[in-house]
Amino acid sequence: MKMKTEILKLLRETDGYISGQQLSRQFGVSRTAVWKVIRQLQEEGYQVGAVRNKGYRIVDSPDVMTKEEILSLMNTRWAGRNILYYDVTDSTNLRIKQAGDEGAPHGTLAVADRQTAGRGRRGRTWESPAGSSIYMSILLRPDIAPNKASMLTLVMALSVAEGIRQCIGDGGDIQIKWPNDIIINGKKLVGILTEMSSQIDYINHVTVGVGINVNMTDFPEEIAQTAASLRTECGHTVKRAPLIAAVMERLEENYDIFLETEDMSGLLERYSALLVNRDRDVRIIGAKEAYEAHAVGIDRAGELIVRRPDGTIEQINSGEVSVRGVYGYV
Ligand code: BTN
């Protein structure tokens, strides 16, 4: 880790002040060099208090998602250890696909403040204005069969839901709309787009892209009724980097649990507890037909189990259909 990141981390982890002398000893540099780093941080918007004979103390951080900021907030082994940050890029999914083709390590994370070509599922676009949302994509290199990769979307959905809950506490009702939307108070808060590069029997790499509406207050007209942000629902702004860090920590743990069985067995209980569709009537919209059924829950393969009105039970695979509530989005 860079010295700046480590100093930021130490400032965060220290209760009260940490002396310039201690920092200079720890990094084997002069006190002036330490002071320069503190100045840089202040220029970037960090409020660092400096008191003679006491040292430095962090008072507030800006809402930035730089590599230093994210790394100083988390303790993962692989998830998000290698970060590519962009003030603006076309799409973080495209950045990660390219990084994957060029050999970047498992867990590489691309984060952008704005996207010019944000992509949603089914060829839709994902509105990606600056300063108010999280657009991020992670590179995964799982050694599993390609037909199991769609479950990674569910692993991410669970991790994002848990990360958000951890950050905002009881501020809103966060649930998962199978397979991969996260909703708050019945409105869409997060979208996930998973893309894979593979051979018939071998995965080159998987890109899981996540868009989280954090502080947005204006939505495009088409989605104004069904979309929400943490700010619109919790009534206050939320900092983005701690949210990313929390999601990475949850993902690292959940992904490793997933790999033990290569299915949802170890995560089923927690995923099901957050599943909004459970025990609800849903409308299944496939390529060939659309029908109504009662959603019972998900199975180990991550499929949605539904009961048709005539009593037949079906397992729905996430790639094939979209699911709506009978009366609306949920
Ligand atoms: C959906 O349609 O619900 C999925 C939306 C996924 C959006 C995210 S934002 C970060 C990443 N980059 C993209 O271009 N798309 C995903």
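Author: Lys239 is partly exposed, with a relative accessibility of 33%. Lys239 sits in the loop between helix H7 (230-234) and helix H8 (240-261). Helices (H or I, at least four residues) and strands (E, at least two) are DSSP runs, numbered from the N terminus.

Some ground rules come next. This is a predicted model, in which local features need pLDDT of at least 70 and side-chain atom pairs count only at pLDDT 80 or more, while totals for chains, interfaces and linings use all residues. Residues are numbered from 1 along each chain as its sequence is written, and side-chain values use heavy atoms, with hydrogens and water left out.

Back to Lys239. What is the distance in space between Lys239 and Met65, C-alpha to C-alpha? It is 9.1 Å, although 174 residues separate Lys239 and Met65 in sequence. Now take Gly311 and Gly118. They are 193 residues apart in sequence, and their C-alpha atoms are 41 Å apart in space. Gly311 belongs to the loop between strand E12 (304-307) and strand E13 (313-316). Gly311 is partly exposed, at 40% relative accessibility.

Asp143 is in the loop between E5 and helix H6 (151-168). Asp143 counts as exposed, since its relative accessible area is 69%.

Next, the ligand. Which residues come nearest to it? They are Ser91, Gln115, Arg119, Arg121 and Lys188, out of 20 residues around the ligand. A residue is near a molecule if one of its heavy atoms lies within 4 Å of it. By type, this shell holds six nonpolar, 10 polar and four charged residues. Here Ala, Val, Leu, Ile, Met, Phe, Trp, Tyr, Cys and Pro count as nonpolar, Asp, Glu, Lys and Arg as charged, and the others, Gly among them, as polar.

Look at the atom pairs. An oxygen atom of the ligand lies 2.7 Å from an N or O atom in the Lys188 side chain. Arg119 uses its backbone: one N or O atom there is 2.7 Å from a ligand oxygen atom. Thr92 has a polar side-chain atom 3.2 Å from a nitrogen atom of the ligand. The protein covers 98% of the 420 Å² of accessible area that the ligand has on its own. Such areas come from the Shrake-Rupley method with a 1.4 Å probe; for residues, only the protein chains shown count as cover.

The ligand takes up the space of the largest pocket. On a 1 Å grid over the protein atoms alone, a pocket is an open set of points with protein on both sides within 12 Å along at least five of seven lines, whereas a cavity is a set where a 1.4 Å probe fits but cannot get out; lining residues have an atom within 4 Å of a point. A molecule sits in one if more than half of its atoms lie within 2 Å of its grid points.

Which elements give two or more residues to the shell? They are helix H5 (92-101), strand E5 (133-140), strand E8 (187-198) and strand E9 (203-213). E8 provides the largest share, four residues.

Asp181 is in strand E7 (residues 181-184). Is Asp181 buried or exposed? It is buried, because its relative accessibility is 9%.

Ser61 is buried as well, at 14% relative accessibility. Its side chain and that of Arg12 are joined by a polar contact of 2.8 Å. Ser61 lies in the loop between strand E2 (55-60) and helix H4 (67-71).

Last, the backbone. The peptide bond between Trp178 and Pro179 is cis, with omega about -5°. Pro179 is in the loop between strand E6 (174-177) and E7. Asn53 is not a glycine, yet its phi is positive, about 70°. Asn53 is exposed, with a relative accessible area of 81%. Arg122, also not a glycine, has a positive phi of about 50°. Arg122 lies in the loop between strand E4 (109-115) and E5.

How values were computed
Polar contact = N/O pair within 3.5 Å; in protein donor to acceptor, adjacent residues only side chain to side chain. Buried < 20%, exposed > 50% of the residue type's maximum accessible area, 1.4 Å probe, protein only.
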